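Here's a quick briefing to read alongside the model. Have the sequence and the 3D view open as you go.

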Amino acid sequence: MKKNRVGSICLLIILFIFNMSCSFNNSNKNGMGAATITTQHFGTFEGKPITEYTLTNASGMQVVIINYGGIITKIITQAKDSSWGDVVTGYDSLEGYTQKDTPYFGALIGRYANRLAKGKYTIDGVDYSAALNNNGHSLHGGLKGFDKVVWEAAILPGDSSVQLNYLSKDGEEGYPGNLKVQVVYTLTANNAIKIEYTASTDKTTILNLTNHTYFNLTAGKSNTIYDHLVQINANKFTPVDASLIPTGELLEVKGTPMDFTSPKKVGQDIDKVMGGYDHNWVLNKADGLQEVASVYEPISGRYLTVATTEPGLQFYTGNFLDGTLKGTKKGIVYNKHYALTLETQHFPDSPNQPGFPSTLLKPGEPYHQTTVFTFSIK
Ligand code: BGC
């Protein structure tokens, strides 16, 4: 009996030492933890389980993603006073994300990011109509875009990437072709969130994917983004009509409120733009991945850069947030201009604008776009 007890105590001590050494080995040479991904059940949608994936890197930064809408629900980064805070808008539970008229918080957007005028477009002489959901136009993929579907998810080797897959069937929301879409979210060791989009189709279609995360880099310390300093490498933007459809022109930003070629407070000229910013900037860039924009928030010292392979950036200042959303994180009231989005994309309504870069995707052609959001402190 006694022997057994001594044996058990010895076993416990051995287990304790082993555990200690495991946690010690888990701390890498810099004294920081290894990258991890943990999962948690987040609810059920249309009978399918929704999982929350929490990616943590060696320095402790976290990104939380759910496979409903491929939504980024949290980005937790450090401020210059060493405190941690969540810098994106969202809800406490799945019910928030599935409520009617949620403004695409954190979601993957497809098949067509932003607007298609009257939902109409033509491919090889055939007219198509995408589902209408925005003042007679089609916005962000229609009535049930990629933000409202359940994606198949898998954790990739290395514990820093989550892969999401979705098959959009021929005809879905008025788009031709069976489209296989894959999005890989990676949280890197240098505090970057990399989003890689790939797709293939079996019939010629149009495609314009983005992510619709709303940032407020104060992490709850300010309820507007007026003091965020934004810089966009773009000499031109695409002006829009009253229903936010591009006129087809590319206008110079110089001498207008749209000029963000040097860092400028969002609040400086926002009153000169009806409702606030909700426009596509024509990025000054060659093909390939390039840094195109940055945001600096002086209270926290958080600095965010955006790099992309895309030709455009929709800079939107949460003009339609009106404080009415239910189930928001900790009950925060998201009023107008609470947060901003940096949606890397092809230009809105490109299929109807011959002067804009093409969004056609043909069978056998690769679709590959990358966007990287990198966080640091200044
Ligand atoms: C659009 C806005 C729209 C918002 C939806 C943005 O990408 O440009 O006009 O209201 O998404 O939340």
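Which backbone atom lies 3.3 Å from an oxygen atom of the ligand? It's a backbone N or O atom of P103, a polar contact (a pair of N or O atoms within 3.5 Å; within protein, one must be able to donate a hydrogen and the other to accept it, and residues adjacent in sequence count only if both atoms are side-chain atoms).

Keep in mind that this is a predicted model: local features need pLDDT of at least 70, side-chain atom pairs count only at pLDDT 80 or more, and totals for chains, interfaces and linings use all residues. Residues are numbered from 1 along each chain as its sequence is written, and side-chain values use heavy atoms, with hydrogens and water left out.

**Around the ligand**
- The side chain of Y214 has an N or O atom 2.8 Å from an oxygen atom of the ligand.

- Six strands make an open sheet, ordered 17-26-25-22-19-20, with antiparallel pairing.
- Here strands are DSSP runs (E, at least two residues), helices are DSSP runs too (H or I, at least four), and both are numbered from the N terminus.
- Two strands pair if DSSP finds at least two bridges between them.
- At the edges are strand 17 (214-215) and strand 20 (251-252), each pairing on one side only.
- Strand 22 (residues 278-282) runs antiparallel to strand 25 (residues 312-316), and five bridges join them.
- Opposite N280 you'll find Q314 in strand 25.

- The peptide bond from G110 to R111 is cis, with omega near 0 degrees.
- R111 belongs to the loop between strand 6 (107-109) and strand 7 (115-116).
- Y104 isn't glycine, yet its phi is positive, near 65 degrees.
- You'll find Y104 in the loop between helix 2 (94-98) and strand 6.
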